[in-house]
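Let's take a look at this protein together. Start with the overall layout, then zoom in on a single residue.

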Amino acid sequence: MKATEKLHKKISDRSWDGNVLYIHSSNPVVISEWENCKMYSCNAGSIEVRVNFNLPDRKQLILSTNVKESSIDRKSYDNYGGIMYILEPLTEEIAEIILKLNII
């Protein structure tokens with residue numbers, strides 16, 4: 001089983017609705033080149049696994065299996081009070097890192 005599939009199953013098993021899991025408290029971690037990441041939610045939809053992290057300076061890192069290349073959501077930045085959404089692909093390597101953290 002691939003790491004993203006294991007992550008999907010873990011999120012689905014632990015969420016009350018089988019889809020979204022909110023993490024109310026997590027210690028800062030390092031994910032790839034991103035430091036001081038604090039996980040706040042995970043989604044295990046039918047076609048997507050998404051893990052969301054708060055970063056310092058009003059930034060949010062969104063790792064998703066539906067994202068193919070890195071980008072910054074400028075529209076959200078302009079419309080939602082200066083919060084910068086950074087979209088990154090959720091790769092098998094990063095999914096393995098998240099699983100090893102044992103936050104979920």
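## How the chain is laid out

Helices (H or I, at least four residues) and strands (E, at least two) are DSSP runs, numbered from the N terminus. Going from the N terminus on, the protein chain reads α-β-β-β-β-β-β-α-β-α. That makes 3 helices and 7 strands.

A quick note on the source: this is a predicted model, where local features need pLDDT of at least 70 and side-chain atom pairs count only at pLDDT 80 or more, while totals for chains, interfaces and linings use all residues. Residues are numbered from 1 along each chain as its sequence is written, and side-chain values use heavy atoms, with hydrogens and water left out.

## Overall size

Of the 104 residues, 40% are buried (under 20% relative accessible area, with a 1.4 Å probe and protein chains only).

## Zooming in on Gln 60

Where does Gln 60 sit? Gln 60 is part of strand β5, which covers residues 59-64. Gln 60 counts as buried because its relative accessible area is 14%.

Who are its partners? Leaving out residues up to four places away in sequence, Gln 60 touches Tyr 40, Phe 53, Asn 54, Ile 83, Met 84, Tyr 85 and Ile 86 (a contact means heavy atoms within 4.5 Å). With Asn 54, the side chain of Gln 60 also makes a polar contact of 3.3 Å, that is, a pair of N or O atoms within 3.5 Å, where one must be able to donate a hydrogen and the other to accept it.

Notes
Buried < 20%, exposed > 50% of the residue type's maximum accessible area, 1.4 Å probe, protein only.
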